[in-house]
Structure formats: structure tokens, C-alpha cells
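Hello,

Here is the structure you asked about. Please open it alongside this note; what I found follows below.

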Amino acid sequence: MYYFAYGSNLNQKQMKLRCPGSVPVCAATLPGYCVTERQYADIDWCGGKRVCGGLWRITEADLAALDRYEGYPNFYWRYSVWLDLPDGNEVEAWVYEMTAKAKLTRNGIKYSPYYRQICATGAADFGITTDF
């Protein structure tokens, strides 16, 4: 199965520690969304925009580890989305978005410099440009 990362899970070294069976596939784009800074990276529906991120192939054990790490279903909820790939194809993947309660409690909180650096390293790992 596939997972779409847009924050700290772009970082390939960190992701390997969290999800040992994960394999980075390629950069990918999530249409219709934007990244929102809420202490940690989050996504929101933003018609006409897109999120650049990384596509991972993951195992069931990796998905369970991500659920624990992301605080699913209380802090982030998980659902499937369709991503655009560089070769023009599409693929379905899991993505995490903060719950409404988490969004309310985290709105306006900026990334720490440490978090920003982990995300920036991950963006470089996938060869994408981000606001990190």
C-alpha cells in the first residue's frame, strides 16, 4: 500500500526508524489541498492548490506504526486520497490530517526550528520544494 507524506515523514532517515518496511517511491502531488502550519504540518482543503510531498510504499506493520505515531484517530485522522505522479499517472494513498479538535488547539502555533529542519531535509530527500 502507499502513504503520502508532506511533513516530517518526508525525512527518509526518520521514516526508516518509524517504519522499517517503508520504501521511498517518488515525489507526488496532492491536488486540491494546502499545507497549514499548526505546530506540526497539517493539510486543509484548498481548491485550486496542491501539496508537494513524498510517496512511500509501506507494510501493514508500518501503517500501524504510523497510526500510533500520528495519534490516530484522536490527533490525526487517516483517509485515502488520489495523488498525481511525475509520470502523469495517479495512485491512491493514505494521508493523515489533523482532527477538528487538534486544528483548533494548534491553530497559529509555528513550527519549531528543529521540526522545520527535519521537514526541510525530508523535502530535499524527495527533491521537492516546500515552505520548510
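A nonpolar core here is a set of buried Ala, Val, Leu, Ile, Met, Phe, Trp, Tyr and Cys residues joined through side-chain atoms within 4.5 Å. Keep in mind that this is a predicted model.

By that definition, the largest nonpolar core holds 38 residues. Tyr3, Phe4, Tyr6, Leu30, Ile43 and Leu83 touch the most other members. At least two core residues come from each of β1 (2-5), β2 (23-38), β3 (40-57), α2 (60-70), β4 (76-84), β5 (90-98) and α4 (113-126).

Tyr6 deserves a look. Beyond its neighbours within four places in sequence, Tyr6 contacts Val35, Ala41, Asp42, Ile43, Val51, Tyr76, Val95, Tyr96, Glu97 and Phe132.

Now the fold. The protein chain has four helices and five strands. Their order from the N terminus is β-α-β-β-α-β-β-α-α. Of the contacts with a separation of 6 or more, 67% join residues 24 or more positions apart.

Next, the dimensions. The radius of gyration is 14 Å, which agrees with the value near 14 Å for a compact globule of 132 residues. Along the principal axes, the C-alpha atoms fill a box of roughly 35 × 35 × 25 Å. Buried residues account for 48% of the 132.

Last, surface and charge. The accessible surface is about 6,900 Å², and carbon and sulfur atoms contribute 55% of that. The chain carries 14 positive and 14 negative charges, and their mean positions lie 7 Å apart.

Best wishes

Methods. Residues numbered from 1 in each chain as written. Predicted model: local features only at pLDDT ≥ 70, side-chain atom pairs only at ≥ 80, totals over all residues. Heavy atoms only, no water. Rg over C-alpha atoms; globule rule 2.2 N^0.38 Å. Buried < 20%, exposed > 50% of the residue type's maximum accessible area, 1.4 Å probe, protein only. Contact = heavy atoms within 4.5 Å. Areas by Shrake-Rupley, 256 points an atom, 1.4 Å probe, with all protein chains shown as cover. Lys, Arg positive; Asp, Glu negative; His and termini not counted. Charge placed at Lys NZ, Arg CZ, Asp CG, Glu CD.
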